[in-house]
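Reader: Please show me the model, and then let me ask what lies behind the labels attached to it.

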Amino acid sequence: MYRFERLSDDIKIAVSDDHTFGTDAVILSYFAGIKPRDKALDMGTGCGIIPMLWLRNEKINNVSCLDIQENAFEQVKCTIKENHLEGRITPYLCDLREIDKTFKAEEFSLVTMNPPYKPIGTGIESLGESARIARHEVCCNIEDAVKAASYLLKYGGKFCMCHRPERLVDTMEIMRKYKLEPKRLRFVQDKSGEQPFLFLVQGQKGAKPFLRVESQLIIKKENGKFTDEMLEIYGSYADGYDK
């Protein structure tokens, strides 16, 4: 049912046909820049890749994650049990559109989400139910995610998400609506000279306006191999990549 992929010498993650992970989530985990003092939550966690990458750092101990799909929730629990992480991460089965039923307001200093990218009615929807929920805005859209993050974050807390560039204006408008001021923005390209296919944005609750646009992240060199920065982002997951 599950396959296990090595993330480090200490952590391997359960993946399945329904819930696996891609480059976007790995990049977002790195962009979020979690600190040992953070109380962090990953929403729509899927297989739990974002928090599991954080937990490669033994100083990170106060992490939660949530998903609306029971099969994702059970898969994350399997990973937690396999790696004996019970004291460091807590998974929740809940709907972020009803976040107040599970969490108190202003509990967290860091919230992340790699949301569904496709509006309902676009792209191929003849997928399995899990894939449809993960890829299409069936159970949540950008506003649902931002609204939940604003509720969850304490003053000065940070919300990090990624999305496709065509949704950038929508995202920033919604973040400001819910008092999450965009403070960092980074675009991601597959190779140098190509159009960005992804953006990463960090909003800070209650902050004053000032947006820093960071240098573009380039995934591959001209020969198709990962750039040095991507190898740094993947960390121990990429061990042996260039051998």
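Reader: Which backbone oxygen lies 3.4 Å from a polar atom of the side chain of His163?

Author: The backbone oxygen of Pro116 does. A polar contact is a pair of N or O atoms within 3.5 Å; within protein, one must be able to donate a hydrogen and the other to accept it, and residues adjacent in sequence count only if both atoms are side-chain atoms. This is a predicted model, in which local features need pLDDT of at least 70, side-chain atom pairs count only at pLDDT 80 or more, and totals for chains, interfaces and linings use all residues. Residues are numbered from 1 along each chain as its sequence is written, and side-chain values use heavy atoms, with hydrogens and water left out.

Reader: Why is His163 called buried?

Author: Its relative accessible area is 0%, and buried means under 20%, exposed over 50%, partly exposed in between (1.4 Å probe, protein chains only). His163 is therefore buried. His163 is placed in strand β7; helices (H or I, at least four residues) and strands (E, at least two) are DSSP runs, numbered from the N terminus.

Reader: What makes β7 and β9 a pair?

Author: Two strands pair if DSSP finds at least two bridges between them. Strands β7 (residues 153–163) and β9 have six, in the antiparallel sense. Strand β8 (residues 180–191) also pairs with β9 in the antiparallel sense, over eight bridges. Leu200 in β9 stands opposite Cys162 and opposite Arg186. Of the eight residues in β9 (198–205), seven are buried.

Reader: Why is the pair of Tyr234 and Tyr237 called stacked?

Author: Rings of Phe, Tyr and Trp (its six-membered ring) pair if their centres lie within 6.5 Å; planes under 30 degrees apart count as stacked, over 60 as edge-to-face and the rest as tilted. The centres of Tyr234 and Tyr237 are 5.5 Å apart and the planes are at 20 degrees, so the pair is stacked. Tyr234, at 7% relative accessibility, counts as buried, while Tyr237, at 26%, counts as partly exposed.

Reader: What makes the pair of Phe103 and Phe108 edge-to-face?

Author: The planes of Phe103 and Phe108 are 70 degrees apart, with 5.6 Å centre to centre. Both residues are buried.

Reader: How do you know that Lys39 lies over the face of Phe108?

Author: A charge sits over a ring if NZ of Lys or CZ of Arg is within 6 Å of the ring centre and within 35 degrees of the ring normal. Lys39 lies over the face of Phe108 at 5.2 Å from the ring centre. Lys12 lies over the face of Phe4, at 5.7 Å from the ring centre.
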